Amino acid sequence: MSRAGTAGLVPTRSLLVRDIQLLATLDTELGDIRDAAIYIEGNVIKWVGASTQLTQLHNNAENIISLSSRVVIPGLINTHHHMFGCLTRCLAQDELLFGWLATCYGPWQQLTGKDIYISSKLAMVELILSGCTCTSDHLYLYPNDVCLEDSIRAARDMGIRFHPTRGAMSVGKSQGGKAPDSICQAEDVILADMERLIQQFHDPSRYSMLRIGLAPHSPFGVSQELMVASAKLARQHPGVRLHTHMAENQQGNDFLRTSFGLTPGEYIKKVGWDRDDVWLAHCCHLDDAETKQWAQHGIGVAHCPSSNMRLASGICPVRDLLDAGVNVGIGVDGTASNDTGHVLMELRMAMLLQRAGGNPQGMSAREALLVGTQGGAKNLGRDDVGRIAPGMAADFVAWRTDGISFAGAQHELVAALLFCTPGLAPVDLSVINGEVIVKDGQLIRCDLQEVIQEHNRQSFALCSHVSQQGTE
């Protein structure tokens, strides 16, 4: 078997999900439907409506699931993650970004392909159980035998729709960067591997389960030449998008000024990343001119509220970005700086943070869900996910509404997903690409306890290197 595992077959059976208490399609024409049904053929939604309108064709589906006492929404889409971070949670708990990274580099230098596989698998489990059906990942460290195939295999094993990015670090401490030289790579090696991965794995077709992106780490992690070359390479291949960290905290902006004499907006323009095939993580510290620049050039943002709070990086001005026309998706960020991968909780944090400044209308529950679905889809360059409607990919999730979190909120089930998140159980049902991945709250494709136990064994070994503090 290939190190990247085997791509799953596209489902061919029909599926009817009926008796849904409330279906929030997030489609402007269909809206919310009570006592709803969804009919799927293969991996595509063919019909959506009320259960009372089902025809004989629908009722003859090969698989039928009844979802009374459930609320159903489109699958959530995560647009920024470092899945290997699951192995090193709760380190450097009281540090800013650069101090936190200095602590984490010690164990991260020891990462192996086995570590990447098991941490990716655990991260995907956590995402799936919190409502995610499509995710990106930013793997930018390649020590020892690590390669992107390790995370691709995990995604194929778990059945999640995956946008892995071939990240990179090429500028180490000896060249003025922040990372140990030992985990940086030569830029010709990086570009060759980017090309190889695109040729071998990138699938730009509609309903694709695997698309490759290119993601040099940051202005302090790679040269401007690599940023330019990555953009040139990506634009030779349809559907290959570009991703990096930008304006995460004031330290990062200060680095840009002192090292290059540039602001974030000037840097992005100089390296040719001011295009609509780019989405940037964080963007907590943009000025008004940069907000307009992002909107005019179609640059997307991956908002990572928990990580930004944890590392005292700042608060992304999401309300201002949305009002200016900037697309915003959600990101759980690495689970070493969050320190969880609960994507629905991340949307709750996004909603509440936009209100914390004194505006109770800073973000509504519906807006947060749009950020977590259609905002994410646009960041990833997709128009086939993010809504429940005919012709869309069959990606949707359901939560039971007869538990404690929905008690007293039966009149507002969709808002309750955001306002009452902390008490929610995992998803009751997850359908990805027409395949049932979670049923009755249980993962179908893996033994959760086995994944956790193996992950903890790898984590214990890796964290024994924390004392190195990222030194060489």
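## Two helices crossing

Helix α3 (residues 113–129) packs against α4 with about 40 degrees between them and the axes 8 Å apart. That angle is why α3 counts as oblique to α4. As for handedness, the crossing of α3 and α4 is right-handed. Keep in mind that this is a predicted model.

Who touches whom? On the α3 side, the residues in contact are G113, I116, Y117, S120, K121, M124, V125 and I128. They meet D150, S151, R153, A154, A155, D157 and M158 in α4. Sorted by class, the contact of α3 with α4 has 8 nonpolar residues, 3 polar ones and 4 charged ones.

## The largest pocket

Helix α4 (residues 149–158) turns up again here, as it gives the largest share of the lining of the largest pocket, 3 residues. The volume of this largest pocket is about 420 Å³. Its lining takes in 24 residues, and A7, G8, M209, L210 and N433 are the closest to the centre.

## The largest cavity

How many cavities of 30 Å³ or more does a search of the whole structure find? It turns up 4. The largest cavity has a volume of about 160 Å³ and is lined by 21 residues. Nearest its centre lie H82, W100, Y140, H245 and D333.

Which helix gives the largest share of the lining of the largest cavity? That's α2 (residues 97–108), with 4 residues. By class, the lining of the largest cavity comes out as 10 polar, 9 nonpolar and 2 charged residues.

## The second largest cavity

Next comes the second largest cavity, with about 110 Å³ of space. Its lining consists of L97, P219, F220, H245, M246, A247, E248, N249, G252, N253, F255 and L256.

The largest share, 4 residues, comes from α7. Going by class, this second lining has 7 nonpolar residues, 4 polar ones and 1 charged one.

How values were computed:
Residues numbered from 1 in each chain as written. Predicted model: local features only at pLDDT ≥ 70, side-chain atom pairs only at ≥ 80, totals over all residues. Heavy atoms only, no water. 1 Å grid on protein atoms, 1.4 Å probe; cavity = no way out; pocket = protein on both sides within 12 Å on 5 of 7 lines; lining within 4 Å. Points joined across faces, edges and corners; volume = space filled by probe spheres on them. Axes fitted to C-alpha atoms, helices over the stretch in contact; angles between N-to-C directions. Parallel < 35°, antiparallel > 145°, perpendicular 65-115°, else oblique. Left-handed = near helix turned anticlockwise from the far one by under 90°. Contact = heavy atoms within 4.5 Å. Nonpolar A, V, L, I, M, F, W, Y, C, P; charged D, E, K, R; others polar.
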